[in-house]
Amino acid sequence: MHLLPTMSVLENVCLPLLLAGESAEVARAKAEEIISLVGLSDRAGHGMHQLSGGQRQRIMVARALLLRPKLIVADEPVSALDVSVQAQIINLLLDLQDRLGLSYLFVAHDLSVVKHVSDRVAVMYLGQLVEIAPTEALFDTPRHPYTEALLSAVPKPDPRARHERIILSRDVPDAANPPSGCRFHPRCSLASEICRTERPMMRQHGTEHRVACHAVEGGDA
């Protein structure tokens, strides 16, 4: 549900509860509590045009918390924000996670953000999972060729640090008409005939590391 520009912050946060049949008094009390939780109690009476992008994102977080869920799906929650504001929202999410016992399914393309907020990471290519592992294991020892290429593209904060960038050949295939077999095979330097004809299944590599790749050896079904 989008934020409505003609309503105040408090009215926007109350709205989902009112639509669900909650009384105005109860909805207001719950909304005020949640608005305070995200640090915007002094903005409750403001119009949406008076808020910054980061403050609006806090209101969206408040809405997500209204019914006190245990799981929140956060789809690119900081991608449109300035870097300094991104840090504020991420810190808010992590603080709320500790205070409320939340779990997040965090969807993002910014790998530095993913590394900072995640306990486990799943990598997808053209709509299919190719690798799942604890965050440290995935960033330290990626096993799928696509994951390796992704991580090689992450800028290093030290300009003196040298690392080899993996350049993938060919363009990304059409997601509506994906390649047969492994969807990554047209761009993979390790691809063999089986990759072109048979879709790889997720296989266990170690305790918690799983990879879908014919070329990665040592996996257990």
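Leu71, Val73, Leu105 and Val107 make up a nonpolar patch on the surface of this predicted model, with about 360 Å² of accessible area together. A patch here takes residues with over 30% relative accessible area and no salt bridge, joining nonpolar side chains within 5 Å; a salt bridge is a side-chain nitrogen of Lys or Arg within 4 Å of a carboxyl oxygen of Asp or Glu. Areas come from the Shrake-Rupley method with a 1.4 Å probe. Strands S1 and S2 each supply at least two residues of the patch. Leu105 sits in S2 and is partly exposed, at 48% relative accessible area (between 20% and 50%).

Now for the pockets.

| Pocket | Volume | Nonpolar lining residues |
|---|---|---|
| Largest | about 750 Å³ | 16 residues |

A pocket is an open set of points on a 1 Å grid with protein on both sides within 12 Å along at least five of seven lines, and lining residues have an atom within 4 Å of a point. In the second largest pocket, Met60, Val61, Ala64, Ile72 and Val73 are the closest of 19 lining residues to the centre. H3 gives the most to that lining, with five residues. Helices (at least four residues) and strands (at least two) are DSSP runs.

Residues are numbered from 1 along each chain as its sequence is written. Local features need pLDDT of at least 70 and side-chain atom pairs 80 or more, while totals for chains, interfaces and linings use all residues, and side-chain values use heavy atoms, without hydrogens or water.

Definitions and conventions:
1 Å grid on protein atoms, 1.4 Å probe; cavity = no way out; pocket = protein on both sides within 12 Å on 5 of 7 lines; lining within 4 Å. Points joined across faces, edges and corners; volume = space filled by probe spheres on them. Nonpolar A, V, L, I, M, F, W, Y, C, P; charged D, E, K, R; others polar. Patch = residues over 30% accessible without salt bridge, like charges linked within 9 Å, V, L, I, M, F, W, Y side chains within 5 Å. Buried < 20%, exposed > 50% of the residue type's maximum accessible area, 1.4 Å probe, protein only.
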